Amino acid sequence: MIEKDFISSNDLEYPTDGEIGWNAPSNIALIKYWGKHVDQIPANPSVSFTLSTCATNTSLRFEKLPEKSSFFSFDFMFEGKPKIEFKPKIVTFLERIEKYLPFLRSYHFVIDSSNSFPHSSGIASSASGMAALGLCFLEMERKANPEMTSTYFNQKASFIARLGSGSACRSIEGSLIQWGNTPSIDGSSDLFGIPYPFEVHENFKKFQDTILLVHKGQKTVSSTVGHGLMNGHPFAQSRFVQAHQNLEALHPIFKSGDLESFIKIVESEALTLHAMMMTSQPYFILMLPNTLEIINAIWAFRNKTKIPLCFTLDAGANVHVLYPESEKDKCMQFIQDELIVFCENQHYICDRIGSGAKQFL
Ligand code: PMV
């Protein structure tokens with residue numbers, strides 16, 4: 001599929017009014033996307049677990065306007081209340097996707113969004129939020145073109161979500177999603193995420209992700225700025241090569257269920273992401289002292305018990321603790337006894353690998 005395959009045909013008849021609702025999950029990258037070209041074309045491939053509990057519910061009411069408008073006509077509500085601060089981001093999103101969904105200026109929309117996780121938890125809502133909104137708009141196209149295949153629907157939903165926020169393209173399907181062109185995966189694309197196409201061992205099928213909320217506020221440097229700092233970064237080229245290599249190294253690991261090797265790659269990816277931040281110009285640090293306390297406690301616990309529990313980080317101070325379901329009781333005990341003291345107000349979220357977005361309206 002290439003970009004022009006996602007441009008809708010001109011002769012579709014869209015419904016005059018209606019309501020659509022989609023729930024889209026968040027995701028956590030194992031191989032990190034950090035560095036991009038225009039329109040969220042990633043500088044390197046990534047792979048992620050789709051999550052389940054952390055998700056955004058978005059409903060979209062639409063009503064045809066008497067004539068096409070010169071601007072995008074919409075109201076945005078967050079948890080039932082108008083939220084005008086979010087509107088500029090949505091306008092940018094609509095401008096980017098209009099070429100592929102040409103009906104957007106012909107309607108008035110009421111968008112109502114809510115997150116399943118507490119807002120200001122420091123958990124990125126842009127992936128699930130942009131995925132849910134993109135799915136709602138694409139559902140309008142599907143109403144006009146019911147023959148659309150589910151493969152095309154998922155790829156175009158991912159393509160559209162990517163234009164809202166890069167990692168959002170990995171929030172359409174489950175449970176292991178790969179995004180970004182790479183020689184080791186036929187069909188991989190910079191334009192959209194695909195379900196990881198090779199065999200995955202039972203060990204990874206029900207992975208758990210306990211998200212430790214070390215810092216619930218706004219992060220000091222946004223992902224957009226961080227991605228931008230990979231331009232001209234002294235280590236960028238070797239980092240991009242390493243991401244391809246790490247992804248290739250994961251293929252036999254996913255197949256065999258080798259958790260020890262999995263951990264080495266996943267933790268190294270997390271630390272490399274933060275190392276890129278610490279070595280950019282200007283440099284910055286998003287980890288906090290408690291992030292490091294947690295990492296050290298995880299290493300000590302793993303050394304002592306040999307339980308295959310590991311961590312990953314996104315662009316912030318919070319820690320995702322990953323472990324197989326078979327070790328859930330022991331890991332949860334450890335988290336409660338030793339890790340939650342490092343969380344803001346002892347808050348954490350129990351999540352697990354999930355099966356992708358779901359339509360509810
Ligand atoms: O989608 P963005 O622009 O918020 O970037 C996400 C970047 C990381 O979360 C740090 C890594 C990733 O692959 O999700």
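Domain bounds are those of an automatic or database domain assignment. The structure is a predicted model, in which local features require pLDDT of at least 70 and side-chain atom pairs count only at pLDDT 80 or more, while totals for chains, interfaces and linings use all residues. Residues are numbered from 1 along each chain as its sequence is written, and side-chain values use heavy atoms, with hydrogens and water left out.

The protein is divided into domain 1 (3–200) and domain 2 (205–352), whose centres, taken over C-alpha atoms, lie 25 Å apart. To the contact (heavy atoms within 4.5 Å), domain 1 contributes 36 residues and domain 2 contributes 44 residues.

Between them, domain 1 and domain 2 bury about 3,300 Å², with 68% of it on carbon and sulfur atoms; buried area is the accessible area (1.4 Å probe) that two parts lose on being put together, summed over both. Zero salt bridges are counted between domain 1 and domain 2, a salt bridge being a side-chain nitrogen of Lys or Arg within 4 Å of a carboxyl oxygen of Asp or Glu.

On the side of domain 1 that touches domain 2, strand S1 (17–31), strand S4 (46–64) and strand S8 (176–179) each supply at least two residues; strands (E, at least two residues) and helices (H or I, at least four) are DSSP runs, numbered from the N terminus. S4 provides the largest share of this side, seven residues.

Within helix H3 (residues 150–164) is Gln 155. Apart from residues up to four places away in sequence, Gln 155 touches Met 1, Phe 6 and Phe 192. The C-alpha atoms of Gln 155 and Phe 6 are separated by 8.8 Å, although the two are 149 residues apart along the chain.
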